[in-house]
Amino acid sequence: SMISEYASMKPVRAPLTPQAGTAVWTRLSLSARFAFSLLLILALGSSSVAYAAEGTLPGDLLYPVKVDVTEPIRTAFQTTPTEKASWEMTLATRRIDEATALAAQGMLSTSTEATLTARFEASANAADEAVAVVGTSSPDEASVARATFAVRLSAYRAVLAKLDDDHHASSTAPLQAVLGTRI
């Protein structure tokens with residue numbers, strides 16, 4: 001009788017039903033579900049746009065996303081001087097890649113070349129500053145970084161010269177001159 005009395009005061013809980021776990025979404029208000037869905041769509045959409053922008057060239061619709069959004073964000077995530085130097089060298093060579101691709105297509109205008117040259121110089125200067133910081137703690141690592149960058153720039157200069165020879169024009173002469181000062 002004592003057990004019956006105790007059981008009547010403490011009823012057994014009903015087991016969870018499969019619907020109990022899925023009720024969270026349905027318990028949210030309509031505006032909360034809308035906000036969550038919108039955030040998910042924005043996150044997926046912006047990452048898709050950033051991914052699509054990676055292969056663009058100056059003049060393409062998504063090129064500003066690449067150079068004004070994606071690259072600065074990635075730059076902010078480079079925390080050590082070595083990472084910063086490597087990333088800035090990558091940015092500098094991207095600008096040369098873009099100029100080379102446009103020149104090969106015969107689409108490198110004087111203004112675009114000037115813009116790419118300015119961006120190249122900014123990245124190359126930032127790389128030099130980061131390499132100088134690396135050099136204070138690791139002179140050998142800094143020397144290797146400088147030499148590697150110089151070799152890459154020399155190769156790009158040769159490619160640009162070959163493009164100019166093939167097209168019988170000197171469309172990339174200003175960029176080649178800037179590269180010559182860095183080698």
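**Close-up views of helix packing and buried sites**

**View 1. Threonine 70 in its helix.** Threonine 70 lies in helix H4, and the model in which it is shown here and in the views that follow is a predicted one. With a relative accessible area of 12%, threonine 70 falls below the 20% limit and is therefore buried. Leaving aside residues up to four places away in sequence, threonine 70 touches Ala50, Glu54 and Val65.

**View 2. Helix H4 against helix H5.** Helix H4, residues 63-76, and helix H5, residues 81-104, have axes that come within 11 Å and cross at roughly 165°. That angle makes H4 roughly antiparallel to H5, and H4 passes H5 in a right-handed crossing. On the H4 side the contact involves Tyr63, Lys66, Val67, Glu71, Arg74 and Thr75, which meet Trp87, Glu88, Leu91, Arg94, Arg95 and Glu98 of H5. Sorted by class, the residues in this contact of H4 with H5 are four nonpolar, one polar and seven charged.

**View 3. Helix H5 against helix H6.** The axes of H5 and H6 come within 8 Å and cross at roughly 160°; because this angle is over 145 degrees, the two helices are roughly antiparallel to each other. The crossing of H5 and H6 is left-handed, and by class their contact has 17 nonpolar, three polar and five charged residues.

**View 4. Threonine 112 in helix H6.** Threonine 112 has its place in helix H6, where, at 19% relative accessibility, threonine 112 counts as buried because the limit is under 20%. Not counting residues up to four places away in sequence, threonine 112 touches Pro58 and Leu102.

**View 5. Helix H6 beside helix H8.** H6 and H8 pack at an angle of about 10°, and their axes are 10 Å apart, which makes H6 roughly parallel to H8. From H6 the contact is made by Glu113, Thr117, Phe120, Glu121, Ala124, Asn125 and Asp128, and from H8 by Ala173, Pro174, Leu175, Val178, Leu179 and Arg182. By class, seven nonpolar, two polar and four charged residues take part in the contact of H6 with H8.

**View 6. The largest nonpolar core and phenylalanine 120.** The largest nonpolar core has 27 residues, and those with the most contacts inside it are Ile96, Phe120, Phe149 and Leu179. At least two residues of this core are supplied by each of H4, H5, helix H6 (110-137), helix H7 (139-167) and helix H8 (173-182). In soluble globular proteins, nonpolar side chains tend to be buried together.

View 7. Aspartate 60 is found in the loop between helix H3, residues 30-53, and H4. At 36% relative accessibility, aspartate 60 counts as partly exposed, because its value lies between the 20% and 50% limits. From C-alpha to C-alpha, aspartate 60 and threonine 181 are 29 Å apart in space, while 121 residues separate them in sequence.

Key:
Residues numbered from 1 in each chain as written. Predicted model: local features only at pLDDT ≥ 70, side-chain atom pairs only at ≥ 80, totals over all residues. Heavy atoms only, no water. Axes fitted to C-alpha atoms, helices over the stretch in contact; angles between N-to-C directions. Helix = DSSP H or I, 4+ residues; strand = E, 2+ residues; numbered from the N terminus. Parallel < 35°, antiparallel > 145°, perpendicular 65-115°, else oblique. Left-handed = near helix turned anticlockwise from the far one by under 90°. Contact = heavy atoms within 4.5 Å. Nonpolar A, V, L, I, M, F, W, Y, C, P; charged D, E, K, R; others polar. Core = buried A, V, L, I, M, F, W, Y, C linked by side-chain atoms within 4.5 Å. Buried < 20%, exposed > 50% of the residue type's maximum accessible area, 1.4 Å probe, protein only.
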